[in-house]
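My notes follow, in the order I checked things.

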Amino acid sequence: STTRSRAGGRHGKREQMAGAQRTAAVRLLRHFAIDLRPQGLERLPSAPSLLIALHEGMADALCLCALPIPLRFVARREVFGWPGIGPAMQRCGHIAIDPEQGARAFRQMAREARTAMAQGDHIVIFPQGTLLGIQTAFLPGAFHLAQLLEVAILPIVVTGTTRVWEHPFSARLRYGQCVSMSVLEPISRDEVGRSDATGLRLQIQREMKRVAFSPGHAPPRHYLPERDGVWPGFRFEYDPLWAQDQGPS
């Protein structure tokens with residue numbers, strides 16, 4: 001009885017935390033007058049899943065947090081040291097990683113993600129691992145994690161957030177921007193389990209980027225080295241299937 005009471009108390013606290021996170025995100029979206037245009041919300045899962053999203057701006061997280069499901073994000077540890085946002089992420093139980101630590105970072109992420117999912121939360125990973133833009137390739141960690149934890153993958157395409165706040169390329173902040181968010185068809189845990197991780201990554205990457213360029217979607221951010229720099233020492237890969245200024249080549 002005591003064990004059930006403690007488990008129920010933890011679950012209640014997680015629900016309260018998720019609700020508070022969602023409320024804060026909605027208020028900030030309203031404050032910045034972001035015109036968020038979601039599609040496919042009927043595809044949101046009930047069972048804890050791995051959500052993978054395109055990443056081009058700090059407002060991505062706000063848009064995802066507005067979804068009516070409990071989320072925990074995987075983010076670089078340095079973000080947890082930022083004033084304001086860092087302490088909030090720690091309180092909400094988000095997962096800090098050090099990608100440069102390779103296998104050790106993956107094992108830690110897997111442990112914490114498993115715990116979070118056991119508590120009913122969905123895990124969010126930005127597989128590009130960078131804000132540079134649509135041309136950057138997906139890294140393999142998220143797809144190996146889904147197979148290890150035996151969970152479904154839910155792809156979410158978010159575009160337009162780079163125009164809200166241009167950090168780290170500029171301090172410029174804009175109000176009233178349009179952001180598109182498309183929830184795609186989930187990949188079931190059975191399909192994830194029987195798929196080759198590399199093939200699964202490339203298939204999902206191509207489909208998500210195709211949607212990012214679809215009519216009506218806010219234009220995605222493009223990585224231009226002469227404008228954005230080359231970022232020595234920072235790990236990212238270029239996706240050879242996508243041209244600089246348009247869709248797949």
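**Second largest pocket.** I started here: eleven residues line the second largest pocket, and T162, E166, R221, R227 and D228 lie nearest its centre. The pocket search runs on a 1 Å grid over the protein atoms alone: a pocket is an open set of points with protein on both sides within 12 Å along at least five of seven lines, a cavity is a set where a 1.4 Å probe fits but cannot get out, and lining residues have an atom within 4 Å of a point. Its space comes to about 170 Å³, where grid points are joined across faces, edges and corners and a volume is the space filled by probe spheres set on the points. By class I noted two nonpolar, three polar and six charged residues in the lining. For those classes, Ala, Val, Leu, Ile, Met, Phe, Trp, Tyr, Cys and Pro are nonpolar, Asp, Glu, Lys and Arg are charged, and the others, Gly among them, are polar.

**Ground rules.** The model is predicted, so local features need pLDDT of at least 70 and side-chain atom pairs count only at pLDDT 80 or more, while totals for chains, interfaces and linings use all residues. Residues are numbered from 1 along each chain as its sequence is written, and side-chain values use heavy atoms, with hydrogens and water left out.

**Cavity.** How many cavities of 30 Å³ or more are there? I get one, and the largest cavity has a volume of about 30 Å³. Its lining is L54, H55, E56, Q128, G133, I134, P220 and R221. I sorted that lining into three nonpolar, three polar and two charged residues. R221 also turned up among the residues nearest the centre of the second largest pocket.

**Cores.** I then looked for nonpolar cores, meaning sets of buried Ala, Val, Leu, Ile, Met, Phe, Trp, Tyr and Cys residues joined through side-chain atoms within 4.5 Å. The largest has 31 residues, and L50, I52, I123, I153 and I204 have the most contacts inside it. β2, β4 (95–97), α4, β5, α5, β6 and α7 each supply at least two of its residues; helices (H or I, at least four residues) and strands (E, at least two) are DSSP runs numbered from the N terminus. A second, separate core of 25 residues includes F32, A59, L62 and V164. I also checked I204: beyond its neighbours within four places in sequence, I204 is in contact with I52, F138, F143, I153, P155 and I187, contact being heavy atoms within 4.5 Å.

**Helix α5.** Which residues of α5 (141–149) are buried? I found A142, F143, L145, A146 and L149, where buried means under 20% relative accessible area, exposed over 50% and partly exposed in between (1.4 Å probe, protein chains only). Down the axis of α5 the buried residues fall within an arc of 155 degrees, so they line one face of the helix; the arc uses the directions from the helix axis to the C-beta atoms. Among the elements covering them are β2 (50–53), β5 (122–125) and α7 (197–212).

E150 sits in the loop between α5 and β6 and has a positive phi of about 60 degrees although it is not a glycine. A33, in the loop between α1 (2–31) and β1 (35–39), also has a positive phi, near 55 degrees. A33 is partly exposed at 41% relative accessible area, and beyond residues up to four places away it touches G176 and Q177. The H167 to P168 peptide bond is cis, with omega near 5 degrees, and P168 lies in the loop between β6 and β7 (178–183).

V183 and I156 are 27 residues apart in sequence and 4.6 Å apart, C-alpha to C-alpha. G84 is in the loop between β3 (71–76) and α3 (85–91), and at 54% relative accessibility I put G84 down as exposed.
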